[in-house]
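Hi there,

Here is the structure I promised to pass on. Have a look at it first, and then read my notes below.

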Amino acid sequence: MSGVIAGNLRPLAEPDLALVRSWRNHESVRRYMYTQHEIAEQEHRDWFARCEQDPLRHLLVYECDDQPCGFVHFTVQTAGKVADWGFYIAPEAPRGTGTGLGRQALEYGFQRLALHKICGQALGFNQRSIDFHRKMGFCQEGVLRDQHFDGQQFHDVICFGLLDSEWQVRG
């Protein structure tokens with residue numbers, strides 16, 4: 001499909017940490033995160049070490065033409081068939097990269113992880129993420145009013161869900 005930057009997913013590895021942290025700390029990404037402080041190198045390494053030990057966490061890099069251009073993660077619930085996801089693309093990634101990442105990630109979640117449902121959340125002021133979830137086929141399942149305090153004000157959290165059966169129909 002035109003306008004979509006196709007790529008592949010692979011596991012996040014230690015050599016990727018500096019690049020992924022630079023994306024996460026970029027203002028265009030950081031302002032939409034629950035934790036909005038700049039992530040220090042050791043904090044990032046500690047997070048990665050914890051995730052590597054957790055079989056319910058799946059950290060992935062999205063590559064386009066063998067170049068990293070995005071990050072996605074799944075946290076599987078203990079029941080094993082439902083997961084939360086989160087993602088971001090490199091700030092300089094070309095238009096269409098997010099759609100490619102989203103499609104590959106959802107395919108990974110439903111096929112490789114055999115999930116029944118993938119859940120996502122977006123801060124109420126993050127219209128791009130809200131629109132992206134809808135574009136990927138997610139249904140809005142609720143609004144957690146004034147759920148997140150950013151240190152200055154409260155924000156709604158928009159909750160989304162996508163079932164495997166809904167994804168297969170779109171596929």
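This is a predicted model: local features need pLDDT of at least 70, side-chain atom pairs count only at pLDDT 80 or more; totals for chains, interfaces and linings use all residues.

Seven strands make up an open sheet with mixed pairing, in the order 1-2-3-4-5-7-6. Strand 1 (8–11) and strand 6 are at the edges; each has a single partner strand, so one side of each lacks a neighbour in the sheet. From one strand to the next, the twist averages 30°. Strands 3 and 4 run antiparallel and are joined by seven bridges. If you want a spot to look at, Thr75 has Asp84 in strand 4 as its bridge partner.

Next, helix 5 (residues 127–135). Which of its residues are buried? They are Ser129, Ile130, Phe132 and His133. These residues lie on the same side of helix 5, because they cover an arc of only 160° around the axis. The cover over the buried residues of helix 5 includes strand 4 (82–89), helix 4, strand 5 (117–123) and strand 7 (154–163). After helix 5 comes Gly137, with a positive phi near 100°.

Helix 4 (residues 97–112) contains Thr99. With a relative accessible area of 6%, Thr99 falls under the 20% limit for a buried residue. Beyond its neighbours within four places in sequence, Thr99 contacts Val4, Phe132, Lys135 and Met136.

The structure has eleven aromatic pairs. One of them is Phe71 with Tyr88, a tilted pair with 5.3 Å from centre to centre and 40° between the planes. This pair links distant parts of the chain, as Phe71 sits in strand 3 (residues 67–76) and Tyr88 in strand 4, 17 residues apart. Both Phe71 and Tyr88 are buried.

Trp85 and Phe138 make another pair: their ring centres are 5.4 Å apart and their planes are at 15°, which is under 30 degrees, so the pair counts as stacked. Here too distant parts of the chain are linked, with Trp85 in strand 4 and Phe138 in the loop between helix 5 and strand 6 (139–149), 53 residues apart. Trp85 and Phe138 are both buried.

Finally, which residues do ring pairs link into a cluster? The members are Phe74, Trp85, Phe87, Tyr108, Phe132 and Phe138.

Technical notes: Residues are numbered from 1 along each chain as its sequence is written. Side-chain values use heavy atoms; hydrogens and water are left out. Helices (H or I, at least four residues) and strands (E, at least two) are DSSP runs, numbered from the N terminus. Buried means under 20% relative accessible area, exposed over 50%, partly exposed in between (1.4 Å probe, protein chains only). Contact means heavy atoms within 4.5 Å. The arc is that of the directions from the helix axis to the C-beta atoms. Rings of Phe, Tyr and Trp (its six-membered ring) pair if their centres lie within 6.5 Å; planes under 30 degrees apart count as stacked, over 60 as edge-to-face and the rest as tilted. Two strands pair if DSSP finds at least two bridges between them. Axes are lines fitted to C-alpha atoms, for helices over the stretch in contact, and angles run from 0 to 180 degrees between N-to-C directions.
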